Amino acid sequence: AFSRQQTLTLETVDIHALLEDFRQLAQRMIGVHIEFTLSLHPAPLLVRADASQLGQVLLNLLVNARDALPGGGVITVETFPLTMDALFHPIFPDAREGEYVVLTVSDTGAGMSADVRERIFEPFFTTKRQGTGLGLSIVYGIVKQHEGFIDVRTQEGRGTTFRIFLPAAAAEYEMKPELLQPPAAERGTECVLLVEDNDDVRKTTEEILTLLGYSVITAADGLEGVEVFRREQGNIDLVLMDVMMPRMGGPDAYARMREIRPGLATLFLTGYGAGDLPPEVWNGAPPEVIQKPFTMESLSGRIRAILDGDRVSRAAGGSCQDSSAWAGGRITAGAVQGRLRANP
């Protein structure tokens, strides 16, 4: 994302529809101690964008704002149109003139020092005890790839405001009717083994799956994933697994799991497109792939398509909640809600 080399799937996106669809997930993620407010411009605001990547921008900015409010506060998301002209050039020298849609995420948190502000978009820079330091660099890369730009205003003790400027959709692009109302996320009750080495991605995906009704077992790399699968194979209905991981990658882990259960339902997560990875990566196994970043709707749809096409093997499985190995990383919907309330 930071090097602006991800594949974009551009469509005409209504920012407001995206935000309304995101509202419930956002409130659950940030916790009840934080007030979440949407202040939307009265008219539709359209951009040419990859909706899943805009969702990733929102997710990362909201997580960043949430972490700045450990004792509670307010997060406000606002939208408005803006005509960029020559007067803005001294402030935003890289911006071309024209119509823009502005998406603002503000928090009333601790703010940042000038030194931290200068480095927030650097890959792997972080002020948190846990985390990769990739969240805001991903935001930067996605916004730049959409020919937009970011303005950050912050002051220690007085909160932070991120403003995302995206070129408005040209008049010749007509809004597709199906994009006016985002599709509803499809729910399920099966057991998913999530294998992902990135802590932030794993925790976020785990919470999304739990909100969708699934029971989840997690593993931090392919080798651990194989160990967990060997122990819990009778309970697992689907494996959701990253491709590139330390110690053992997803395809090698998948090959070992298939030795235990041929025809295992598996969906790979990757920052690459399936066609961008060399065939030898897959060890001859035809992959089911979803590209990061993804929306809750796209992930839930792919999972349901795989599971609903594999009813026989799912019927042979049990439920994550039936097993006694809770300490091995299992989490249920009730548990994640309690964890979010206790440690938002």
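This is a predicted model: local features need pLDDT of at least 70, side-chain atom pairs count only at pLDDT 80 or more; totals for chains, interfaces and linings use all residues.
Numbering starts from 1 along each chain as its sequence is written, and side-chain values use heavy atoms, with hydrogens and water left out.

**Overall make-up**
- The protein has 11 helices and 12 strands, taken as DSSP runs numbered from the N terminus (helices H or I, at least four residues; strands E, at least two).
- Of the 344 residues, 49% are buried, meaning under 20% relative accessible area with a 1.4 Å probe, protein chains only.
- Take the contacts (heavy atoms within 4.5 Å) with a separation of 6 or more: 74% join residues 24 or more positions apart.

**Helix α2**
- Running over residues 51-67, α2 spans 24 Å from first to last C-alpha, close to the expected 24 Å (1.5 Å times one less than its number of residues).
- Most of α2 is covered, with 15 of its 17 residues buried.

**Threonine 161**
- Threonine 161 sits in strand β7, residues 160-167, and counts as buried because its relative accessibility is 16%.
- Leaving out residues up to four places away in sequence, threonine 161 touches Thr104, Val105, Ser106, Asp151, Val152 and Arg153.
- With serine 106, the link is a side-chain to side-chain polar contact at 3.0 Å (N or O atoms within 3.5 Å, one able to donate a hydrogen and the other to accept it within protein; residues adjacent in sequence count only if both atoms are side-chain atoms).

Note on methods: Buried means under 20% relative accessible area, exposed over 50%, partly exposed in between (1.4 Å probe, protein chains only).
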